[in-house]
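I opened this notebook to keep track of what I looked up, one entry at a time. The sequence and the structure come first, and my entries follow.

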Amino acid sequence: MKKCIYCKTEIEGNCVVDFCEKCGVNAFGRKMFDTIIKNMENARENQDLCNTRLDQFGQSFSSSGSNKR
Ligand SMILES: [Zn+2]
């Protein structure tokens, strides 16, 4: 369980930011906060995607041998 860096309220461990919604909105404003959350979640999803694809790439690369020039 994580805690908000501003008010120490407990926040969900899978939350992409280290502060609660209330403090986030206070600090950045509703619109900006939503944008930040969206960007962070997108980034995390892309990272997961990248890791998965990298793993698959590594496997196919090592099995296909020396096609590299
Ligand atoms: Zn807070």
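**Entry 1: Lys8**

I began with Lys8, which I found in the loop between strand E1 (2–3) and strand E2 (10–11); helices (H or I, at least four residues) and strands (E, at least two) are DSSP runs, numbered from the N terminus. I noted that the phi of Lys8 is near 65°, a positive value in a residue other than glycine. Is Lys8 buried or exposed? Lys8 counts as exposed because it has 10 C-beta neighbours inside 10 Å. The terms I use here are set by counting other C-beta atoms, placed from the backbone, within 10 Å of a residue's own: 20 or more makes it buried, 12 or fewer makes it exposed, and anything in between makes it partly exposed.

**Entry 2: the model itself**

I reminded myself that this is a predicted model, in which local features need pLDDT of at least 70 and side-chain atom pairs count only at pLDDT 80 or more, while totals for chains, interfaces and linings use all residues. I also wrote down that residues are numbered from 1 along each chain as its sequence is written. The protein chain averages a pLDDT (the predictor's confidence in each residue, from 0 to 100) of 83, and 72% of the residues score at least 70. Where is confidence lowest in the protein chain? I found the lowest mean, 78, in helix H2 (residues 30–64), whereas helix H1 (residues 21–28) has the highest, at 95.

**Entry 3: the chain as a whole**

I listed two helices and two strands in the protein chain, and from the N terminus on the elements run β-β-α-α. Buried residues make up 6% of the 69 residues. Among contacts (C-beta atoms, placed from the backbone, within 7 Å) between residues at least 6 apart in sequence, 9% join residues at least 24 apart.

**Entry 4: Cys4**

I went back to the loop between E1 and E2, where Cys4 is also found. With 18 C-beta neighbours inside 10 Å, Cys4 counts as partly exposed. Which residues is Cys4 in contact with, leaving aside its neighbours within four places in sequence? I noted Thr9, Ile11, Phe19, Cys20 and Cys23. Cys4 and Glu21 are 17 residues apart along the chain, and their C-alpha atoms are separated by 9.1 Å.

**Entry 5: Asn14**

I ended with Asn14, in the loop between E2 and H1, which counts as exposed because it has 7 C-beta neighbours inside 10 Å.

Technical notes: Two residues are in contact if their C-beta atoms, placed from the backbone, lie within 7 Å.
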